[in-house]
Amino acid sequence: MSPTTLEKPIFISADETTIVVKVNLDESDAYRSCQLCWKQYPQSWQECQSKVLPIANTAVTMEATDLLPATTYCLRLEAKDGSGVVSEDLIVDTEAVSCTPQARSCCVIQ
């Protein structure tokens with residue numbers, strides 16, 4: 001069954017090379033054919049990386065990994081069946097690498 005709408009991923013955290021999001025799954029089969037996709041902000045979605053959502057009936061935490069520091073990324077959910085159904089984009093900056101200890105911070109554009 002193909003989803004007709006997908007919920008936007010929810011930001012959890014980010015560091016220099018990883019962004020963590022939460023995806024709320026429901027009890028239908030709609031999310032069983034979806035993936036989390038991410039790309040650098042200026043890239044096209046054809047250049048994105050992705051991970052298939054696990055089969056679950058609850059919220060799951062997913063990670064976009066092997067990212068570049070101090071870079072803006074777009075993340076979204078996408079139906080794998082070619083229907084073109086996608087969620088709204090979540091835009092997040094990864095942290096910059098620092099040589100001195102300091103408080104962590106990142107920018108999230110909801």
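**View 1. The one salt bridge in the structure.** This predicted model holds one salt bridge. The partners are Arg76 and Glu78, and their closest N and O atoms sit 3.2 Å apart. Listed as a polar contact, the pairing is side chain to side chain, again at 3.2 Å. In general, side chains of opposite charge can pair when their charged atoms come close.

**View 2. Arg76 in its strand.** Zoom in on strand 6, residues 72-79, and you'll find Arg76 there. Is Arg76 buried or exposed? Arg76 counts as buried because its relative accessibility is 12%, and the cut-off for buried is under 20%.

**View 3. Who touches Arg76.** Skip the neighbours within four places in sequence, and Arg76 is still in contact with a run of residues from Val86 through Ser87 and Glu88 to Asp89. Gln35, Leu36 and Cys37 are on the contact list too, along with Pro9 and Trp45.

**View 4. The largest nonpolar core.** This core has 22 residues, and Ile19, Leu36 and Leu75 have the most contacts inside it. Which strand gives the most? That's strand 6, with four residues. As a rule, nonpolar side chains in soluble globular proteins tend to be buried together.

**View 5. Leu75 close up.** Again leaving out neighbours within four places in sequence, Leu75 is in contact with Ile19, Val21, Leu36, Cys37 and Trp38, among others. Its contacts also include Trp45, Ala64, Leu90 and Val92, plus Glu88 and Asp89.

Conventions: Residues numbered from 1 in each chain as written. Predicted model: local features only at pLDDT ≥ 70, side-chain atom pairs only at ≥ 80, totals over all residues. Heavy atoms only, no water. Helix = DSSP H or I, 4+ residues; strand = E, 2+ residues; numbered from the N terminus. Polar contact = N/O pair within 3.5 Å; in protein donor to acceptor, adjacent residues only side chain to side chain. Contact = heavy atoms within 4.5 Å. Core = buried A, V, L, I, M, F, W, Y, C linked by side-chain atoms within 4.5 Å. Buried < 20%, exposed > 50% of the residue type's maximum accessible area, 1.4 Å probe, protein only. Salt bridge = Lys/Arg side-chain N within 4 Å of Asp/Glu carboxyl O.
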